[in-house]
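The exercises below ask you to locate residues, read their surroundings and then describe whole chains. Work through each task with the model open before you turn to its solution.

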Amino acid sequence: MTALTDLTVHQALEALAQGQVSSLDLTRACLAQIERLEPVLHAFITLTPERALAQAEAADARRAAARHHPDEPLPPLLGLPIAVKDILALEGVRCTCGSRILETFVPPYTATAVQRLLDAGVVVVGKTNTDEFAMGSSTENSAYGPTRNPWDTERVPGGSSGGSAAAVAARMVPAALGTDTGGSVRQPASFCGVSGIKPTYGRVSRYGLVAYGSSLDTAGAFARNVADVALLFHLMAGHDPLDSTTLDVPVPPIELPAEPDLRGLRVGVPREYFIGGLQPEVEQAVRQAIAVLEALGASVHEVSLPHTEYALPVYYLIAPAEASANLARYDGVRYGLRVESDALWEMFRRTRGQGFGAEVKRRIMLGTYALSAGYYEAYYGQAQKVRTLIKRDFEVAFEQVDVIAAPVAPTTAFRLGEHTEDPLAMYLEDVFTLPTNLAGVPGLAFPVGLDGRGLPIGMQLMGPHFREEVLFRVAHAYQQVTDWHLRKPPLL
Amino acid sequence: MEYEPVIGLEVHAELQTRSKMFCACPVVDATQAEPNTAVCPVCAGMPGVLPVINQRAVEYALRVALALECEIATHSLFARKNYFYPDLPKGYQISQYEYPLAQHGRLPIFTSAGERAVRIRRVHLEEDTGKLTHVTTPEGETYSLVDLNRAGVPLLEIVSEPDLFSVEEVRAYAMALRTLLRYLGVNSGDMEKGVIRFEANVSVRPKGSSELGTRVEIKNLNSFRALERAVAYEIERQSRLLSQGQPIEQETLGWDEANARTYSQRSKEEAHDYRYFPEPDLPPLVVETAWIDEIRAGLPELPHARRQRFIQTYGLSPTDASLLVGERAVAEYYETAVKAAPHLPPRMIANWVLGELFAWMNESGESIEQLKAGPEALVELLEYLQSGEINQTTAKAVLLEMLQSGGRAAAIINSRGLRQVSDAEALRALVAQVLAENPAEVQSYLRGKETLAHWFFGQVMRAVGGKANPQVLRAELERQLAELKARQTS
Ligand SMILES: [Zn+2]
């Protein structure tokens, strides 16, 4: 029999529905797996076992009560354990954002994306590790120590949602929530061999998602296959009156056909994504995956996203600019860390000086500079113009193809400490994921191979705004005929 | 050399909507509510929360912008204005910068020189900050307390062009704007509650010059008095410096009320760089033209239009008309009174409202809505006066009682027997009696001491308890005295 921790979301829900397992069983299995592997991986910042067990018990009670009312539908995820990135607020549980400055902060509200899943019945086992305020690509920038990659514990899980990706890969939970501002769901999904969605900007509410780059931030989800991710995504998505940037457009049901058939689908391959610096095994695996799509009936076309090379500088002007304002609220006055001083400005300085880590300070300074009088037009203003061109690139490409397939990251997981002394090398990790955030289009990452060291390789599918269902359909067809998503880290 | 000031005003007016600009917290009276009782995660600037535009605040802003005859932007944009201060929870204020809601308006003002329009540069929406209270303990320890009740209250910033050239004009403009805001029902105008605040940009230049001098900005002027005194002080200070050949520093000033002088807060070099950029949490504010039309159609008659109408229709003096329209409720009281008594002269009613009622309101602190004598009650009284049934003095006494007790004129006059003796027959007997009882005075009068006529008048009046109709009495007295004179000569 399959271990309870090996169950996918769909399998777990089926077992719950059939009465083969209880939510308590599942939750306890997750907590046991966490207890076993957390000392090695450090995927969590805060664990909430009592709360989780109480939720699980309540879910079981509800399911039992429903036996007498078979006509009343149960919440679709009733009793499913998940983990939540510590960037998304959960009422009553501290939300550190991987930062010392919020070490003691307990939000009195819950992020809409989390609330919708709670309403759907999930059990939250804990808050996962992240680069401080989601700024990073390795989860090494967490004030609570780095998370390690289950495939090779000397390596990073990617970031910033590294805790969630590692937790899903290590079977600590069948699914987890993350956030993606420049690749923070897709790159860790790729490094950890799991599937993850970065939704269209405006598709999933940002309410309760602690802001980093407000015009780029999205809330996404991880699971071990795309069908599971699709289920979570569908429940999280939709207009939220608390987030004025969510669009009031319907969220179509995601139909995943039983038979893999991609006839009529046009897959674009952007030439700008297959460049020098790309690890040969990554290119090979991605091209093979594209060949699989072709074998399933899709037609493959080369496309061009000519402004791709500007995405990195544009991102590192816009995101820090927004961050410099978003992080101004951490001043020690109302909540979180306060380092006392007799003088107000000294209190601000000490609080922020001691509360923020180096990368956060670096980005606040970058962003402040980019917005300063005399530099605004040359930096922030210019970046916004180029962002429009990048958006246009995608619009043009999506007139020719339905989806675009590309590597998620130039390399597989790197070693801890490998890039920490060189911020620029770290920034380059996101070169393939940033354009999607700048354009606001959705991206779905999933495993398509292992490199010579046995490290997962990820591919991403990008689609037009609000067409996530196409990405899920294509990736699901791929996963029906391949087994990369079934591979287990050797640690297990 | 003579100098002339050039002044522009920035007026910050709270919009008294039910909820705040970007969250559902109630807008409360900042001077009354317990600190930090109207606060939520959004207006406290907690992590991850987002602003949502209050549509009613936009509607209020549009009312003002339309009343100021502005061009309305169908697409406007919110921006972040970044600076650190403990009363600013997010570390930035959500405001409008490059693309304001409305621009290019005008507001008519009235001064001793007549009527003139002041150009409005822009009208935009933003959120208010919290309030700091600085505390010093008896032991000498100092600290500050933060109250966020006001943080996030909708604020309208109305910026004039540098179109004001005297303290009188500054006052007229500020008053006209306050009147307008109250007419539109968007702001109570309670200055002592800080719901309207001013900033003045002041420069001076040689009279007749068309160039602008170096300007200073005076911040945080929270009363008309502070505004006028600070502007007057600056005009005087800058004129003196210029006449001494000294330069004016471009700087931001504060107003020291106790010492009646301005003081430097920041020099040009220390000026804040607010690093404005478009607010990514809010989509562009789109205002449909149909909505604009609907709001325009729903505007009340505005103060300056009403003033013109009062002058033309009711023959009021410009000053009286200004006083009456200064407050919407007063103007409406007046007009209700006029309409209730078409045969009473409108100027007579105006005199009573501006005289007796204003005096009463000043003394009692009541607003016109609180008066126990409504417009119908007032004209009922004035009809007794007009018909001669009571005299001016009695009318004033009756009105006072009406205002005190809420009684109607008819009841008070009847129960006190205050009705005037207008009956010539009755007065004839009384006059004859007084003349008969005072033969010595009659003799003096007949010998030429004509001023005694007033004395006889007073005697008769006293005999009837002051209720004699003075015109009728005077005529009768003159008739009888003339008769005596004629008899003497014959
Ligand atoms: Zn609030």
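**Exercise 1.** Where in chain B is B:Ala260 placed, and is this residue buried or exposed, or something in between?

*Solution.* Step one is the position: B:Ala260 sits in the loop that runs between strand 13 (251–256) and strand 14 (261–267) of chain B, where helices (H or I, at least four residues) and strands (E, at least two) are DSSP runs, numbered from the N terminus. Step two is the cover: because its relative accessibility is 27%, B:Ala260 counts as partly exposed, given that buried means under 20% relative accessible area, exposed over 50% and partly exposed in between (1.4 Å probe, protein chains only). Step three is the backbone: phi of B:Ala260 is near 50 degrees, a positive value in a residue other than glycine.

Before going on, note that this is a predicted model, in which local features need pLDDT of at least 70, side-chain atom pairs count only at pLDDT 80 or more, and totals for chains, interfaces and linings use all residues. Residues are numbered from 1 along each chain as its sequence is written, chains are lettered from A and ligands numbered from 1 in the order in which they are written, and side-chain values use heavy atoms, with hydrogens and water left out.

**Exercise 2.** Describe the backbone and the cover of B:Arg275.

*Solution.* B:Arg275 lies in the loop between strand 14 and strand 15 (277–278) of chain B. Its phi is near 45 degrees, which is a positive value in a residue other than glycine. Because the relative accessibility of B:Arg275 is 17%, this residue counts as buried.

**Exercise 3.** Which residues does A:Val194 touch, not counting residues up to four places away in sequence?

*Solution.* Begin with the place of A:Val194, which is in the loop between helix 6 (186–192) and strand 5 (195–198) of chain A. With a relative accessible area of 1%, A:Val194 is buried. Once residues up to four places away in sequence are left out, A:Val194 touches A:Ala165, A:Val168, A:Ala169, A:Ala189, A:Phe222, A:Ala223, A:Arg224, A:Ala445, A:Phe446 and A:Pro447, where contact means heavy atoms within 4.5 Å.

**Exercise 4.** Which two residues of chain A are joined by a cis peptide bond?

*Solution.* The cis peptide bond joins A:Gly159 and A:Ser160, with omega at about 10 degrees. A:Ser160 is found in the loop between strand 3 (123–128) and helix 5 (162–169) of chain A.

**Exercise 5.** What radius of gyration does each chain have, and what would a compact globule have?

*Solution.* The radius of gyration is taken over C-alpha atoms, and the globule rule is 2.2 Å times the number of residues to the power 0.38. For chain A, with 492 residues, the rule gives a radius near 23 Å, and the chain has 21 Å, which agrees. For chain B, a compact globule of 490 residues would be near 23 Å, but the chain has 31 Å. The C-alpha trace of chain B spans about 105 × 60 × 55 Å along its principal axes, while the C-alpha atoms of chain A fill a box of roughly 65 × 55 × 45 Å. Chain B is divided into domain 1 (3–293), domain 2 (301–416) and domain 3 (424–489), with bounds that come from an automatic or database domain assignment. The C-alpha centres of domain 1 and domain 3 of chain B lie 68 Å apart. Finally, buried residues make up 64% of chain A and 51% of chain B.
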